[in-house]
Amino acid sequence: MELNDLESFLCPMLDFEIGKRFESELLRSTGMNVHAPFRDGNHFFLLATFRRYLFQLHDHSVSLALQSCLGGFAEDFQVSFQSHNHCRFSVSCKSVGFKIYELRRFTGRSFDVYFHLWSNGAPQWEREKRLWEEEEEAKLWSVVLSKQKKKEAKKKNL
């Protein structure tokens, strides 16, 4: 698919106003934009994990999706694929990166993306995913006791 075809297919699926609002809030709270006005080589990297998406993931489609939820300009995210649905991207600085990381997740009509830190050239998403799975397991499962077990537990507590 050519770039113009991709944009004409994908742009109607995305709400760029969300990204504009996020970027103006970011500017207000940190004094920084999503991207530095000049490419100075100082970037902060994050990992985007797409859990659900209605379009093919590649550099430009991921960049447009990020622009729709974070603001900035698609080409400045410098998207780099890491694996099936994991992409590294850059933002202007650490304070911007941590504001995005605080979001943890963005869910839109056409995609669902999680944000993770990228540390020392390697993602920490595997560790975060394991911690998240443990937390979810604790929330989702509850122990069901029979009447006999409840009586025994009650006797132990007395």
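Start with the pocket lining: S1, S5 and helix H5 (125-140) each supply at least two residues to the lining of the largest pocket. Helices here are DSSP runs of H or I, at least four residues, and strands are E runs of at least two, numbered from the N terminus.

This is a predicted model: local features need pLDDT of at least 70, side-chain atom pairs count only at pLDDT 80 or more, and totals for chains, interfaces and linings use all residues. Residues are numbered from 1 along each chain as its sequence is written, and side-chain values use heavy atoms, without hydrogens and water.

Back to the lining. H5 gives the most, with 6 residues. By type, the lining divides into 5 nonpolar, 4 polar and 6 charged. Asp, Glu, Lys and Arg count as charged; Ala, Val, Leu, Ile, Met, Phe, Trp, Tyr, Cys and Pro as nonpolar; the others, Gly among them, as polar.

Next, the core. The largest nonpolar core has 34 residues. Such a core is a set of buried Ala, Val, Leu, Ile, Met, Phe, Trp, Tyr and Cys residues joined through side-chain atoms within 4.5 Å. Buried means under 20% relative accessible area (1.4 Å probe, protein chains only). Leu66, Leu70 and Phe89 are among the residues with the most contacts inside this core. H3 supplies the largest share, 6 residues.

So what about H3 itself? Helix H3 spans residues 59-70. Of its 12 residues, 9 are buried, including Leu66 and Leu70. Gly71 follows H3, with a positive phi near 85°.

Last, Phe89. Beyond its neighbours within four places in sequence, its contacts (heavy atoms within 4.5 Å) include Leu66, Leu70, Ile100 and Phe115.

Technical notes:
The expected span of a helix is 1.5 Å times one less than its number of residues. Buried means under 20% relative accessible area, exposed over 50%, partly exposed in between (1.4 Å probe, protein chains only).
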